[in-house]
Amino acid sequence: MTTTSTALDSRLVGFARALRGHGVVVGTSEVVDAGAAALVLGLEDRARLREGLASALLRRAGQRQVFDDLFDVWFPAALGERSGVHAEEPPATLQDRRARAAELRDELSRAMAAGDERALDALAARVVAELGALANAADTGSFSAQQALDTLAPQTAIAGALARLQDAGLDTPGGSGDGSGGSGGAGAGVSGPASGQGFASRFTRDELRSSVAAFRRRVETETRRRNAEARGADRISRYAVRAPSEQTPFLLAGPAELDELRGAIQPLSRKLATRLAARRRRASRGAIDIRRTLRRSLSTGGIPIRPALQHASPHRPDLVILCDLSSSVAGFSRFTIMLVQALAAQFRRVRILGFVNRVDDLTDRVIGAPPGSDLGDAFEDLSRMTRWHRNSDYGAVFADVVEHHLDVIGHRTAVLVLGDARSNHTDPQFDMLREIASRARHVSWLNPEPARMWGSGDSVALGYSEIVDMHECRNVAQLREFVSRLLPV
């Protein structure tokens, strides 16, 4: 019993360390709570243990995916090859691999048509063992989920599964399973057999696509489990588990990650709006008036029990956003602009100036659009933001702002610059940025590149950072921190 408890303690500590490595805040008290929950729940029911540890260790819903991935690494469903799963030796030739993949695809079609979860789990283990084994890692027993899925091509099993359902009479209006629903008789309740079966086929096809996506996740989970045994859970946790969406760097986010980030805008904006309003209320109380406080303290023996405050007049500042929309940082700028669009009510006036190497006013097209609407046209039309070439030129942009847009910047204006400060070896024109900073209440620069890369290559970030406050803003977590704590309100 003592040995089991010690092993569980070490597993929980390593699990918590892996969570912290992916941006999940886990303290000592949470680890103690997780250990107590594990002792009460026991290790027999893995699903129950997963939910118990999640309730003890997680604080945000957006962290659940990384928790589940790491849980599968540190608390695997099996050790070595699964019992009851008889995987054959990996094929030696390309022709044999293709033949084996065809056999496994046929089994996948049968399992999806039957909705057999246990068969899908066993099949995922076989796919990893037979198609995912790396030829150059025989001594370590490493596996590749990408190799296995590319060879299997599970999406091509949808047609086979759909055909099996149709042959069984399950893919018909009503889904009775006896084949009678496919006749499209007078009592079918649809305009004709073709339209009813077409609707049912589309509905079933969508379900099968979801089943294929779930099978892909099974293969990835099984691959991580097998690799963790060979290379260690710590290593696999660092390199084989995707970070949560709020920790995904803007510059490395693919289409799927950007869709997740766009879906997080509205709930994030509501939280940030509440924080900004609270900051404004606190700021309206003003600073301590030393002279009046000392006068009041005379009546209490020199002890300043009742401090006097200099009440500041509450006001909402103007906000001007100067955003780089060139291809290198377009995703970061677009996400930040959509977030500011949702927070526009927190400012007296918002102006959005987009640029590549020339400035274009996007305010009407962005702020005037309903929240959540498609802003692709405003961001993708770069014809008014470029001259002669499509490379960013920060010096020319700042000169353009001073010449044509300086009237929108005043003593109550907060200027927010979005960009990587890579000017393609053109003149940075530091004096133009100084002119902008001298007129504004405050200028902040959000740079999506890591601070260690500032000044490398054609980056002039270090020079600009001497004029204005430049902040590293690589992901949603850092953007939330800036808006809630540092954005002038």
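This is a predicted model: local features need pLDDT of at least 70, side-chain atom pairs count only at pLDDT 80 or more; totals for chains, interfaces and linings use all residues.
Helix α17 passes helix α18 in a left-handed crossing. In the second pair of helices, α2 passes α3 in a right-handed crossing.

**Helices α17 and α18**

- Helix α17 is made up of residues 394-405 and helix α18 of residues 430-439, and their axes come within 8 Å and cross at roughly 45°.
- On the α17 side the contact is formed by Phe-398, Ala-399, Val-401 and Val-402, which meet Met-432, Leu-433, Glu-435 and Ile-436 of α18. Sorted by class, the contact of α17 with α18 has seven nonpolar residues, no polar residues and one charged residue.

**Helices α2 and α3**

- The axes of helix α2 (residues 28-41) and helix α3 (residues 46-57) also come within 8 Å, and in this pair they cross at roughly 155°. The two helices α2 and α3 are therefore roughly antiparallel to each other, since angles over 145 degrees are placed in that class.
- From α2, the residues Glu-30, Val-31, Asp-33, Ala-34, Ala-37, Ala-38 and Leu-41 meet Arg-48, Leu-49, Gly-52, Leu-53, Ala-56 and Leu-57 in α3. The residues of this contact of α2 with α3 divide into nine nonpolar, one polar and three charged.

**Cysteines**

- With sulfur atoms within 2.5 Å as the criterion for a pair, the count of disulfides in the model comes to zero.
- Cys-323 has a relative accessible area of 0% and is buried, and Cys-473, at 1% relative accessibility, likewise counts as buried. Both assignments follow because buried means under 20% relative accessible area.

- Arg-348 lies in the loop between α14 (330-342) and β2 (349-355). With a relative accessible area of 39%, Arg-348 is partly exposed, because that class covers values between the limits of 20% and 50%.
- Although Arg-348 and Arg-316 are 32 residues apart along the chain, their C-alpha atoms are separated by 5.2 Å.
- When neighbours within four places in sequence are left aside, Arg-348 is in contact with Arg-316, Pro-317, Asp-318 and Arg-412.

Conventions:
Residues are numbered from 1 along each chain as its sequence is written. Side-chain values use heavy atoms; hydrogens and water are left out. Axes are lines fitted to C-alpha atoms, for helices over the stretch in contact, and angles run from 0 to 180 degrees between N-to-C directions. Helices (H or I, at least four residues) and strands (E, at least two) are DSSP runs, numbered from the N terminus. A crossing is left-handed if the near helix is turned anticlockwise from the far one by less than a right angle, and right-handed if clockwise. Contact means heavy atoms within 4.5 Å. Ala, Val, Leu, Ile, Met, Phe, Trp, Tyr, Cys and Pro count as nonpolar, Asp, Glu, Lys and Arg as charged, and the others, Gly among them, as polar. Buried means under 20% relative accessible area, exposed over 50%, partly exposed in between (1.4 Å probe, protein chains only). Angles under 35 degrees count as roughly parallel, over 145 as roughly antiparallel, 65 to 115 as roughly perpendicular and the rest as oblique.
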